[in-house]
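Welcome! Here is a short briefing to read alongside the structure, covering a sheet and the surroundings of a ligand.

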Amino acid sequence: MPTAETKSLRAGMVGLGMIFDETYRPFFEWAHGNGLWSRETGPLEAPLAAVATRTGKRAEAYKKSSQGKIADFQNFRGDHAIDELLKSGVDFVCIATPDDRHFDAAKKALDAGKHVLIEKPSVLRLQELDELIALAARHNVLAKVVYHKLLDPDHKKLRTLVADGVLKHVNNGYCSLLEPKSVSGSQFAEWIHGRNPGTYVAVHYVKLIDFMFGGRLKTVTATGQRGLVGPQDGPTWDSVQMRLIYEYDDGREAAFDIHTSWVAPDNFPGYVEQEVQFRFDNGVWNGHSRKRGVELTVEGRTPHEFKTTINTHYNGQFLEPWGERSQRGYGIEVIERFVREVAFVEHGGPKSEQETRLRKMRSLNYNDLAADRQTVAAVQALEAILAEAAAGRPDAVVRVDLAKNVLTLSHTGTASPQRLV
Ligand SMILES: NC(=O)c1ccc[n+]([C@@H]2O[C@H](COP(=O)([O-])OP(=O)(O)OC[C@H]3O[C@@H](n4cnc5c(N)ncnc54)[C@H](O)[C@@H]3O)[C@@H](O)[C@H]2O)c1
């Protein structure tokens, strides 16, 4: 039961799609049942207070199915849903709309003085990112992005080996993330026109590489295939391959290839195929997110209803040894961590020291928008290269110089590069 000293942070949720169901929903339900506590804040509640979506239908269905699991929440729908949510008295806002709709929602929420958490990729252009960073600074709030792969225990181990100098200087690597056809065919049908799987999922690995190895992003190239999700000469992509070149302080370089798709077969043994390999001066790291040792067969039920190789680390539903049903994993942990960061800023000590607490939470570069510039530059480059290809001008290269805040796109043999930033 909440006590007189229990602090509260009211959450607003914009977008109630697949990712809400996988990560935010279990977090809010768990927080409702258990509450949150830390030494600095004492007991804390983080109720889902309001939801804004286009039609309100999923929110209505969730209202019914969640009775007893969370407190009641307000359901705003339509063109002014976000404005109404912002006026309803929420303390922080989570934005889980399709990625080309993050910016407007985040801008409104920051402008209203709310702490903000945005799903990956944060935004699609550096100009937008810089505007959000400036707004967060002006309103003394946190503006953060969700990259849950940084919390995957395997990636944490890899980062520890790199940080401790056990693995020395990365030279090159590859990452692949393949989603099933059901994702492009039905799940995302409403917004998939003109979109590509690279922006949507390669960004997980762009961030992983950027955060893990540091360095300076220099060059982005990309290719892709069309013809399944949309016409072969249209702007909607089935698969995308991108390459990033980084330079490190000692002048040496590394190259990373990231392959993505949302047209893998639906009867794939795992829901999402995810693999990485990084080669260092003195070692190799090979990782596979679903082949971590489990192989399940249930007659008539795998691989569709249940997956053959399951990633229980990201997000699994469990019967705990003590009898409780739970849903947990690093996909949910990352949301909880953000709420704890907001709680630390708002309730972690005297008001007079809030500025210091805010600075401390902003310095966490795994999720702060200010540390997302190279990742957004890579996304912006990818989007521009694919737009050029869709317009009949394939094989563009983007050179990145963020020290000078310049992104230029060029084609071999063309004299004048085009400035993206
Ligand atoms: N971290 C991950 O692994 C992961 C996985 C999936 C999706 N995501 C991210 O989450 C975001 C949403 O993806 P999803 O899979 O939940 O998509 P989805 O299509 O399942 O759901 C989108 C939701 O946004 C709502 N919406 C759309 N436009 C809106 C608007 N203008 N205002 C308010 N609500 C709006 C829709 O009503 C729907 O509820 C994307 O940015 C995606 O990249 C992250």
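Two strands pair if DSSP finds at least two bridges between them. Helices (H or I, at least four residues) and strands (E, at least two) are DSSP runs, numbered from the N terminus. This is a predicted model, in which local features need pLDDT of at least 70, side-chain atom pairs count only at pLDDT 80 or more, and totals for chains, interfaces and linings use all residues. Residues are numbered from 1 along each chain as its sequence is written.

**The sheet**

- Nine strands form an open sheet with mixed pairing, in the order S15-S14-S10-S13-S12-S11-S18-S19-S20.
- Strand S15 (284-288) and strand S20 (418-419) are at the edges with a single partner strand each, so one side of each has no neighbour in the sheet.
- S15 pairs with strand S14 (residues 273-280) in the antiparallel sense, over five bridges.
- Trp285 in S15 is the bridge partner of Phe278.

**Around the ligand**

- The ligand has 24 residues around it, and Gly15, Gly17, Met18, Ile19 and Glu119 come nearest (a residue is near if its C-beta atom, placed from the backbone, lies within 6 Å).
- Helix H1 (18-34) and strand S5 (48-53) are the elements giving two or more residues to this shell.
- H1 gives the most, with three residues.
- The shell holds 12 nonpolar, six polar and six charged residues (Ala, Val, Leu, Ile, Met, Phe, Trp, Tyr, Cys and Pro count as nonpolar, Asp, Glu, Lys and Arg as charged, and the others, Gly among them, as polar).
- Because domain 1 (7-149 + 322-368) and domain 2 (153-313) both give residues to the shell, the ligand lies between them (domain bounds come from an automatic or database domain assignment).
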